[in-house]
Amino acid sequence: MIELWNNQITEQEIGLVVDAINNRNISEGNVAKVFVNKLVEMLDTKYALLTPNGTSALTLALMGVGIEPGDEVIVPDITFIATANAAKILGAKVVVCDTEKERPLMDYEKVLELITDKTKAIIPVHLNGRRACTKELKQAIKEKNIAIIDDACQAFMSGVSGNWMGNDADIGCYSFGITKTLTTGQGGLVITKSKKLFDKMQQIKLQGVDSIFECSNYIQNGFNFKMTDILASIGIGQLDRIQEKKEHEWKIWNEYKKGLEDIDSIRFIPRRNEELPWMTEIICDNRDKVRFLLRREGIDSRPIGHPLHEANYIERRGSYINSSKIVDKILYLPSGPNQNIENVKKVIEILQKNKKDLV
């Protein structure tokens with residue numbers, strides 16, 4: 001069986017976990033401080049906070065900018081449902097925006113049409129390492145009291161030094177889940193250049209009190225958004241190989257591009273040189289047929305999730321012409337920073353052998 005994703009936790013990470021346990025570094029403490037300081041330096045930001053996962057990073061960010069019940073939060077139609085759930089769980093109204101014609105990213109012009117006096121936040125999603133319209137939005141709404149939160153959960157270290165995705169927004173959010181370029185098993189991160197937002201989020205993630213050990217003042221609503229030192233140990237080991245991981249993801253994408261570009265029924269979504277391909281996805285004229293042929297050979301693949309406007313607890317506003325046209329054709333192929341390149345070649349071989357049947 002060729003699995004969709006391959007990302008290894010090595011002996012180095014296991015050794016660091018053992019060290020943390022032996023040194024009684026269990027909860028979020030000294031090891032987490034080392035990890036987060038490395039991330040601050042790597043991402044060219046000022047402040048960062050670790051969280052249990054990417055969803056909690058988004059939730060913490062929304063709490064940090066003051067999202068309350070009834071506020072409107074604009075999100076793209078094509079994204080993982082966690083982007084919307086983080087806002088819904090706080091009582092906000094999720095407003096779904098259609099995507100661009102050629103890329104599954106929030107359409108800049110349509111976002112502007114959806115803004116009302118109730119809009120309190122916009123969440124551009126850097127889906128699969130592609131740069132969304134954060135910079136353009138910040139310029140367009142700079143006179144409005146609207147926060148921009150980057151969902152860069154699929155875009156850690158995508159971009160270039162000094163201009164990493166997630167770094168242009170008021171707050172950027174990342175995921176370190178097992179299916180991410182850098183993994184801690186579960187884990188997340190928020191970054192910001194605002195001391196005010198950092199201080200507020202730091203207090204929120206520690207239950208909104210002045211001290212966990214001797215609580216004397218309940219300052220604001222909060223939650224437990226800590227990451228353990230055990231998971232941070234894994235992250236530190238992973239950081240040592242981050243460049244190697246990125247290079248392998250590019251190698252996989254280039255191999256697929258070269259091997260499949262002559263098949264008329266398969267296309268690739270445009271990707272800029274700076275946009276790290278977290279996974280390789282293709283546009284298929286007949287996605288079900290492609291999946292069937294791969295599954296028959298013991299090869300896993302994954303369709304992208306349904307568009308958010310189909311969720312029965314999210315209000316539709318306007319039309320979703322672009323996202324509806326593309327979403328049923330997107331398919332993820334076996335990828336990952338430790339995916340054997342021979343597996344990639346096997347996928348290409350099978351699709352090439354059956355290309356006449358893929359229409």
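Trainee: Why does D98 count as buried?

Mentor: Its relative accessibility is 2%, and the cut-off for buried is under 20%. D98 therefore counts as buried. Keep in mind that this is a predicted model.

Trainee: And why does K110 count as partly exposed?

Mentor: K110 has 26% relative accessibility. Partly exposed lies between the buried limit of under 20% and the exposed limit of over 50%, so K110 belongs in that middle class.

Trainee: What makes the contact of K110 and D98 a salt bridge?

Mentor: Their side chains meet at 3.1 Å, N to O. The limit is 4 Å between a Lys or Arg nitrogen and an Asp or Glu carboxyl oxygen, so the pair qualifies. K110 is in helix α5, while D98 is in the loop between β3 and α5, and twelve residues separate them.

Trainee: How many salt bridges are there in the whole structure?

Mentor: A search finds 17. One of them joins the side chains of R241 and E13, at 2.9 Å from N to O. These two come from distant parts of the chain: R241 is in the loop between α8 and α9, E13 is in helix α1, and they are 228 residues apart. R241 and E13 are both buried.

Trainee: What distance makes E281 and R130 a salt bridge?

Mentor: 2.7 Å, N to O. With a limit of 4 Å, the pair therefore passes.

Trainee: Let's turn to strands. How do you know that β8 is mostly covered?

Mentor: Count its residues: five of the five, 171–175, are buried. Look at the two faces as well. I171, C173 and S175 are buried on one side, and G172 and Y174 are buried on the other.

Trainee: What makes β5 and β8 a pair of strands, and in which sense do they run?

Mentor: Three bridges join them, and they run parallel. At least two bridges are needed, so β5 and β8 count as paired. In one of these links, D150 has G172 of β8 as its bridge partner.

Trainee: What about β8 and β9: how many bridges, and in which sense do they pair?

Mentor: Four bridges, in the antiparallel sense. Y174 stands opposite L189 of β9.

Trainee: Where is I178, and why is I178 called partly exposed?

Mentor: I178 lies in the loop between β8 and β9. Its relative accessible area is 41%, which is between 20% and 50%, so the label is partly exposed. I178 also belongs to a nonpolar surface patch with I9, I14 and V18, and together they have about 300 Å² of accessible area.

Trainee: Which residues of α9 are buried, and what covers them?

Mentor: Among the buried ones are I242, H248, I252, W253, Y256 and L260. Their cover includes α2, β7, α8, β11 and α12.

Notes: Residues numbered from 1 in each chain as written. Predicted model: local features only at pLDDT ≥ 70, side-chain atom pairs only at ≥ 80, totals over all residues. Heavy atoms only, no water. Buried < 20%, exposed > 50% of the residue type's maximum accessible area, 1.4 Å probe, protein only. Patch = residues over 30% accessible without salt bridge, like charges linked within 9 Å, V, L, I, M, F, W, Y side chains within 5 Å. Areas by Shrake-Rupley, 256 points an atom, 1.4 Å probe, with all protein chains shown as cover. Contact = heavy atoms within 4.5 Å.
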